[in-house]
Structures are given as structure tokens and as C-alpha cells.
Amino acid sequence: MGEKDSETAPIWGRTRQSESNNIHRMDVESSALSEQHRSQNRSRGGSYEERGRGVKEFRSWFSWLIPCFVIANVVVFVITMYVNNCPKKSGDCFAGFLGRFSFQSTKENPLLGPSSLTLRTMGGLDVKKVVNGDEGWRLLSCNWLHGGVVHLLVNMLTLLFIGMRMEREFGFIRIGLLYLISGFGGSILSALFLRSNISVGASGAVFGLLGGMLSEIFINWTIYTNKVVTIITLVLIVAVNLGLGVLPGVDNFAHIGGFATGFLLGFVLLIRPHYGWINQRNAPAAKPHKYNICQAILWTVSLLLLLGWFIAGLISLFNNVDGNKHCSWCHYLSCVPTSRWSCNREPASCTTTQLGNQLSITCLRNGKSGSYILANPSDSRINSLCVQLCR
């Protein structure tokens with residue numbers, strides 16, 4: 001066991017101890033010396049394998065938690081679309097052939113998904129309900145909802161590509177904690193800046209995995225060889241997801257908060273030992289520590305910053321602090337308004353007046369009003385007209 005390379009390569013490729021498989025003359029001489037050591041070990045009353053039990057190796061885990069997370073997110077989205085029931089509740093739908101699973105109009109939701117009202121009903125992050133309605137559970141439930149098919153596909157493909165590899169290397173406990181805590185951290189930052197909109201998505205948790213990947217490279221810098229390629233890949237993935245985040249219905253504040261939380265948490269959860277890879281019983285000096293001083297410093301500082309962020313964030317949230325008052329341009333980080341969509345995702349609310357065949361509707365959000373000649377309009381038709389006025 002003492003002579004074997006690691007059982008599995010680290011997540012970012014080979015360690016330095018397994019860079020070459022070429023056989024040189026030196027290897028033959030080393031084999032002879034190793035055989036001599038084996039003979040000495042046997043003469044001392046213990047086998048070579050027994051004396052090598054102190055060797056540290058990378059352990060390969062079976063990835064099952066991340067696929068379960070993906071299945072859960074897909075199932076929740078299907079249930080959300082069933083509850084949304086666009087033909088009955090709105091009338092103005094996209095892909096009507098899907099029946100009650102059809103999407104809201106692309107003007108209302110360009111991501112091909114449900115309405116904001118449905119997302120709120122299903123547990124989307126609504127700051128007013130969290131602060132004033134004692135519904136803090138929405139900080140967690142919003143991470144399992146998605147604004148549309150596009151949003152869901154991007155998140156789940158990224159989660160499968162990144163999460164399964166990380167779970168195989170670090171196990172389901174550490175990666176599960178990284179995913180859930182990062183999602184919670186993203187929700188806190190989102191609640192501080194998105195005061196009126198409904199926030200949903202596993203993006204914060206997924207970005208937490210990306211942040212954890214980056215910090216894992218830094219804290220285990222000396223044992224990996226292909227760091228540059230990995231960092232470039234990470235930057236590209238983050239850039240694509242941040243670009244998607246400027247669309248309505250996607251919360252870039254959750255991305256940023258989740259990434260920052262995962263980055264700090266990665267220094268705490270994903271640390272690897274730099275020493276202790278070989279048996280130290282015959283070492284003349286005392287057995288070295290498993291981690292070097294830089295790792296210990298990063299671990300301590302990151303843990304303190306993480307605790308400070310959660311404490312300060314939760315105190316600010318439940319004291320109803322509006323982050324936009326301290327940053328007037330930050331709202332553009334989450335949505336850039338265009339002629340095709342509005343960044344206001346607050347559910348439409350209108351007042352209606354029916355006089356004979358004339359229906360008058362006024363949007364409470366922007367004050368716009370309209371008159372329509374309709375006899376006995378259905379609730380879904382009224383709701384559809386209300387949504388159009390409030391865009």
C-alpha cells in the first residue's frame with residue numbers, strides 16, 4: 001500500500017506524485033531497495049502492508065446525492081407548472097398544446113416558465129413574507145424552484161457536470177453541505193436587494209459549488225498540476241451563468257451570494273492534507289502535521305468571515321434593511337430592462353369594474369387602466385388583461 005499511487009486522481013487531474021509512468025534505471029534500483037526494506041520489516045515482526053497503514057490516499061465515492069438533487073428540482077418544476085395552469089388562470093400562454101403545462105407568454109416570462117404568482121405560492125423568496133410573515137423557510141424553499149425551462153436546464157446541466165465530480169472526490173456529506181449552505185447564503189443576499197420581486201432558483205447553490213471548486217484549487221495548490229485549464233473553465237462557466245442572470249426571473253444576487261459563500265466554505269470543507277502521504281513511522285523527527293500553515297490560516301479566516309456574513313446578513317434582513325439604499329446601481333446586476341421585457345416581476349394586481357358589457361381594469365402597480373367590451377368575462381381572461389396592463 002505504501003508504494004501505490006493514489007487510488008483515484010483528484011478532481012482536477014493527477015497529483016504530482018503520479019505525473020510519470022516511465023520506467024528508468026533509478027526505478028529498478030528503488031525496487032531493489034524496496035525489497036530490502038520489506039525484508040527488514042518482516043524481520044522486525046510486521047509485514048510491509050501492515051507498516052504502510054498510515055499512508056493517506058484519495059478515496060473515490062459513489063455519486064448519488066447530486067443526481068437526487070437534480071431529480072428533485074425537475075419534479076418540483078413539473079409540479080409548479082401543473083399548479084400554474086396557464087390556460088385557466090391567464091389565457092395568454094405559449095406552447096398551448098401542452099395544456100395546463102403550457103408556459104406563460106414570453107413577454108411575461110422569457111424563460112418559458114410559470115407566473116410570478118405561482119412561484120410565490122410554491123415557496124419563492126418573498127421578502128415581505130419572510131420579514132413580516134414569519135416565513136423564513138422561504139430562504140430554503142426558493143432554491144428548489146426555477147423561473148423556466150431555460151433556467152432549469154442551465155442549472156441542472158451545470159450541477160451534473162460539476163457536482164458529480166466533486167461528490168466522487170469529497171463525498172456526499174461535504175458536497176451536500178456545500179450545496180445547501182451556499183443556496184442559503186445566496187438567498188440572504190437576494191433578500192437584501194430584491195425587495196419586491198420573487199426570487200427562485202438553485203443558481204445560488206450551483207454557484208456555491210463553483211466557488212468551492214475555486215477555493216479548493218487555492219487551498220490545495222501544491223498538489224495539482226493542471227490549475228490554469230481548470231481556472232479558465234471555471235471563469236467561462238461563471239460568465240455564462242452571470243450573463244443569463246440579467247434576464248427577468250433569474251436572480252444574480254443569489255448567484256453572487258452563493259458563489260461567495262461557497263468560496264469561503266470551500267476553504268473549510270474541501271481542504272486536503274499536504275503531508276502524511278507516506279508512512280512516517282521510521283522518520284527520525286516528530287510526525288509532521290497533515291496541513292501546512294497557509295492552509296490553517298485560510299481555514300480559520302474563511303470560517304470567521306463565513307460566520308460574520310451569516311450573522312450580519314440575517315440581522316440586516318430581519319431588521320428590514322434595503323441594500324439598494326446603500327448601492328443605487330446594484331439592481332442592474334440582477335436584471336437589465338429592455339423593450340421585450342420588464343424587470344418588475346411582482347405579481348400583477350388590478351381593480352376591475354363591470355358596467356354592462358364594459359369592463360374597466362386598473363393596474364395597482366403602475367396605474368395604467370383600460371376599458372374592454374366583454375360580456376361576462378372569465379377570471380382567466382381578466383387576469384390575462386391585468387398582466388398585460390402591468391407589464
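**Close-up views of a predicted model**

**View 1. Glu169 and Arg272 meet in a salt bridge through their side chains (3.6 Å, N to O).** The pair links distant parts of the chain, 103 residues apart. Glu169 sits in helix H8 (residues 149–193), and Arg272 in the loop between helix H11 (252–269) and helix H12 (293–318). Helices are DSSP runs (H or I, at least four residues), numbered from the N terminus. A salt bridge here is a side-chain nitrogen of Lys or Arg within 4 Å of a carboxyl oxygen of Asp or Glu. Glu169 is buried at 12% relative accessible area, and Arg272 is buried at 6%. Salt bridges with shared partners join Glu169, Glu216 and Arg272 into one network. Buried means under 20% relative accessible area, exposed over 50%, and partly exposed in between (1.4 Å probe, protein chains only).

This is a predicted model: local features need pLDDT of at least 70, side-chain atom pairs count only at pLDDT 80 or more, and totals for chains, interfaces and linings use all residues. Residues are numbered from 1 along each chain as its sequence is written, and side-chain values use heavy atoms, leaving out hydrogens and water.

**View 2. Arg120 pairs with Asp126, and Arg138 with Glu135.** The whole structure holds four salt bridges. Side chains of opposite charge can pair when their charged atoms come close. Arg120 and Asp126 meet at 2.9 Å, N to O. Arg120 is partly exposed, at 21% relative accessibility, whereas Asp126 is buried, at 4%. Arg138 and Glu135 meet at 2.6 Å, N to O. Arg138 is buried, with a relative accessible area of 5%.

**View 3. A disulfide joins Cys86 to Cys93.** The S to S distance is 2.0 Å. A disulfide is a pair of cysteine sulfur atoms within 2.5 Å. A search of the whole structure finds one. The torsion about its S-S bond is about -105°, so the disulfide is left-handed. Cys86 is buried at 0% relative accessibility; Cys93 is partly exposed at 24%.

View 4. Ser215 is buried, at 0% relative accessibility.

Methods: Helices (H or I, at least four residues) and strands (E, at least two) are DSSP runs, numbered from the N terminus.
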